[in-house]
Amino acid sequence: AGMGGMAGYPSIAGCRTFAHCTTSCPNTSVSAVAISPSGQLVASAGDDGRVKIWSFDGRTLTATGTVLTGFAGYGVAFSPDGTRMVYTSSTTLRTYTVAGWVAGTTLLNDGSSNDFVSAAFTPNGQRIVSADAIGSAGGDVFAHEVGGSALPALTKHVARQPASLAVSKVAASDGSVGVVVGTYNATVAVLTLGASGFTDPTVLSPSAGSAAVYAVRFSGDGSLVAMGDDNGIVRFWAFPLASTTPPPVGNDLTFAGGDIVNDIAFSPNGMYVAVGGGFAVKQLSIYNLATRAEVDRTTPAGGDINSLVFSPSGAAIIAGLDAGGYVIVCN
């Protein structure tokens with residue numbers, strides 16, 4: 001795996017490129033990528049409206065021949081047991097059973113014409129959490145029951161327009177789950193989803209100014225929330241929040257000299273965090289979470305990093321680029 005692999009994180013010096021599109025698509029952005037819990041399936045979702053399903057052997061992506069349609073937004077996710085998948089499709093969420101790729105219930109918002117931004121499963125796989133963007137009026141966070149109604153079971157309004165969403169992979173002892181929503185208006189709304197509803201959001205700010213928050217993530221153990229904005233700042237908070245005005249934990253990261261943060265991923269071993277993005281600098285960096293020191297970086301050919309994920313083993317990073325319709329695998 002090279003020096004990076006020996007150090008406990010994947011080497012990113014020689015990432016390999018795979019084409020999301022069947023034919024050349026120079027203007028296609030791969031907006032979201034997801035990997036199944038087994039690490040054997042990868043979904044790449046592009047603004048060409050397609051979700052392409054790949055098999056993955058730990059190093060190489062191989063097209064399975066399954067291509068789903070209607071994608072729009074920034075969200076695609078596998079359920080924790082790997083049996084289901086959901087992705088955003090404008091004003092709806094499309095769901096599938098992975099075995100045979102059988103379409104399930106198309107999930108709706110509250111009847112508005114607002115587009116979904118992203119979606120994710122709760123740790124027990126029984127709910128799908130999503131957020132839509134209204135505009136100056138903010139947006140709504142929804143919880144749908146898997147196998148239930150097309151309409152959301154629970155809804156909570158957030159005051160500013162959602163741009164990103166993350167759901168903790170770990171539930172609390174009472175079954176509640178952390179939810180975080182980044183906005184286009186320089187804030188992050190942190191909520192908890194319980195059996196009967198969402199708590200009111202606690203609003204945090206990753207950095208000064210009016211920087212949109214395009215990246216939010218929980219660490220694998222659910223104890224940290226990371227938030228990255230288009231000022232290039234990545235900031236961390238302990239979760240659950242200790243108060244309505246909690247201080248950040250540790251030093252901030254300044255990505256690529258202040259370039260836009262498009263996505264964040266924690267390594268499965270909890271030791272590292274990968275940050276991808278671009279504008280002035282098309283960069284993928286890996287940081288030591290304890291020291292906040294940058295330990296590796298690469299500048300992939302083909303565009304900014306739009307989306308990224310670690311493989312479940314931590315031996316690879318898979319990322320979608322914003323040009324050319326490309327997916328890269330680094331390990």
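A residue is called buried when its relative accessible area is under 20%, exposed when the value is over 50%, and partly exposed in between, computed with a 1.4 Å probe and protein chains only. This is a predicted model, in which local features need a pLDDT of at least 70 and side-chain atom pairs count only at pLDDT 80 or more, whereas totals for chains, interfaces and linings use all residues. Residues are numbered from 1 along each chain as its sequence is written, and side-chain values use heavy atoms, with hydrogens and water left out.

The predictor's confidence in each residue, pLDDT, runs from 0 to 100; its average over the protein is 94, and 98% of the residues score at least 70. Residues 1-5 are under 50, and for this stretch the model has 7 contacts (heavy atoms within 4.5 Å) beyond four places in sequence.

The structure contains 2 disulfides, a disulfide being a pair of cysteine sulfur atoms within 2.5 Å. In one of them Cys15 is joined to Cys330, with an S to S distance of 1.9 Å, and because the torsion about the S-S bond is about 110°, this disulfide is right-handed. Helices (H or I, at least four residues) and strands (E, at least two) are DSSP runs numbered from the N terminus. Since Cys15 lies in the loop between α1 (2-6) and β1 (16-19), and Cys330 in strand β29 (residues 326-330), the pair ties together parts that are 315 residues apart in sequence. Cys15 counts as partly exposed at 23% relative accessibility, while Cys330, at 0%, counts as buried. The other link joins Cys21 to Cys25, again with S to S at 1.9 Å, and is right-handed with 95° about the S-S bond; Cys21 is buried at 10% relative accessibility, and Cys25 is buried at 12%. With the bonded cysteines numbered in sequence order, the pairing reads 1-4, 2-3.

A pair of aromatic rings is described by the distance of the centres and the angle of the planes. Rings of Phe, Tyr and Trp (its six-membered ring) pair if their centres lie within 6.5 Å, and planes under 30 degrees apart count as stacked, over 60 as edge-to-face and the rest as tilted. The structure holds 8 such pairs. In one of them, the rings of Tyr9 and Tyr272 have centres 4.9 Å apart and planes at 65°, so the pair is edge-to-face. Tyr9 lies in the loop between α1 and β1 and Tyr272 in strand β24 (residues 272-277), so that the pair ties together parts 263 residues apart in sequence; both Tyr9 and Tyr272 are buried. The rings of Phe236 and Phe266, with centres 6.4 Å apart and planes at 70°, are likewise edge-to-face. This pair links Phe236 in strand β21 (residues 233-238) with Phe266 in strand β23 (residues 261-266), 30 residues apart. Phe236 is buried with a relative accessible area of 0%, and Phe266 is buried with 11%. Phe71, Tyr87 and Tyr96 form one aromatic cluster.

Strand β21 also belongs to an open sheet of 4 strands in the order β19-β20-β21-β22, with antiparallel pairing. Strands β19 (215-218) and β22 (253-254) stand at the edges with a single partner strand each, so one side of each is left without a neighbour in the sheet. Two strands pair if DSSP finds at least two bridges between them; β19 is joined to β20 (residues 224-228) by 4 bridges, and Ala215 stands opposite Gly228 in β20.
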